[in-house]
Amino acid sequence: MSSLTILSTTQPSSLLSSTSPQEFNFPAKSKRPLSSTVKFRALPFKACAFPPNNNDNGEKDDCFSTRRSLLVWISTLPFLFGLHEFLEDLSAKALQSDTNTYILIKEEVRKVVSKGKAAGVLRLVFHDAGTFEMDGNSGGMNGSIVYELERPENAGLKKSLKILDKAKGEVDAIQQVSWADMIAVAGAEAVSVCGGPTIPVQLGRLDSLEPDAEGKLPRESLDAPGLKQNFKRKGLSTQELVVLSGAHTLGSKGFGSPFVFDNSYYKILLEKPWKSSGGMSSMVGLPSDHALVEDDECLRWIKKYADNQNMFFNDFKNAYIKLVNSGARWKSL
């Protein structure tokens, strides 16, 4: 069974085939004093003669030019109103099309993603989106994982992608969708299938035509400071690091039932079973999981989520949406 991992692994592949943020002050402070020195002078109303008179230089009154411009502008109003209605109608049709496609994707994903396959499908999301870095706005949720299956850190994901390929074929027969959209929706459905929160996913991502740079996923051997720094480069906070790590509740890492999405991950982290003298308990979790509970900032969030599953579900939903939107390039209408 594929275990869910959001971190890079150094084990060999067993596949079959070959920006620092700027700070802004808001509201901006104007150097102009509150009592403005700008003066306005009303021009006297001038009646227009018709037909227009010539002035002393033989030129026609500006009044007539203004009148003509006004008539031209008025004559375009029906077109402008028609264009506005056309754009509104186009937008509504696009929204309805996306809604229908979204429902179709969810239906087809549900046919192929069982509880036993959910962990691997969710892992696909993290390994596709996890390449994002704010510096250079590179990587992210762009479907590039389809070119990266031979990398050691992506070992085992070929099977999960093959599962989704069947569903994607059914959807594409009706409406073409990107791999980025397909994987993003499938991961959300994998969480829901296992009893987790319902996560809405926006459609419209474009696929990359090449693999992302290597070495962007956090390694499973990182300590807490290293993990926090890695996630910071992706625009993710310590809280989002902890809540997204809760995805390890699925799979065979030893955090409760491998088929149930709940807050068992945090409860077991607090117990630190890997510190036992031997047996299966010593094999629970990854070194990166163990590191989180030793960090004071991470520990505060671990305790919160261990005590409050609803908070975990809500925060995971929000962090997941942020993750699958990271680095995405969007199609235009």
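These legends describe views of a predicted model.

View 1. From the N terminus on, the order of elements reads α-α-α-α-α-α-α-α-α-α. The protein has 333 residues, and 44% of them count as buried.

**View 2. The largest nonpolar core holds 68 residues.** Five members touch the most other members: Val 113, Ile 183, Tyr 266, Phe 316 and Tyr 320. Helix 4, residues 179-193, gives the most to this core. Its share is 9 residues. In soluble globular proteins, nonpolar side chains tend to be buried together.

**View 3. Ile 183 and its contacts beyond four places in sequence.** Ile 183 is among the core residues that touch the most other members. Leaving aside neighbours within four places, Ile 183 is in contact with Leu 124, Val 125 and Asp 128, and also with Met 141 and Ile 145. Leu 161, Leu 164 and Tyr 320 complete the set. Tyr 320 is itself one of the core members with the most such partners.

**View 4. The second largest cavity has a volume of about 50 Å³.** Its lining includes His 127, Thr 131, Ile 145, Glu 148, Arg 151, Glu 153 and Asn 154. Ala 213, Glu 214, Gly 215, Lys 216 and Leu 217 also line this cavity. By type, the lining residues divide into 3 nonpolar, 4 polar and 5 charged. Ile 145 belongs to this lining and is also in contact with Ile 183.

Notes: Residues are numbered from 1 along each chain as its sequence is written. This is a predicted model: local features need pLDDT of at least 70, side-chain atom pairs count only at pLDDT 80 or more; totals for chains, interfaces and linings use all residues. Side-chain values use heavy atoms; hydrogens and water are left out. A nonpolar core is a set of buried Ala, Val, Leu, Ile, Met, Phe, Trp, Tyr and Cys residues joined through side-chain atoms within 4.5 Å. Buried means under 20% relative accessible area, exposed over 50%, partly exposed in between (1.4 Å probe, protein chains only). Helices (H or I, at least four residues) and strands (E, at least two) are DSSP runs, numbered from the N terminus. Contact means heavy atoms within 4.5 Å. On a 1 Å grid over the protein atoms alone, a cavity is a set of points where a 1.4 Å probe fits but cannot get out, and a pocket is an open set with protein on both sides within 12 Å along at least five of seven lines; lining residues have an atom within 4 Å of a point. Grid points are joined across faces, edges and corners, and a volume is the space filled by probe spheres set on the points. Ala, Val, Leu, Ile, Met, Phe, Trp, Tyr, Cys and Pro count as nonpolar, Asp, Glu, Lys and Arg as charged, and the others, Gly among them, as polar.
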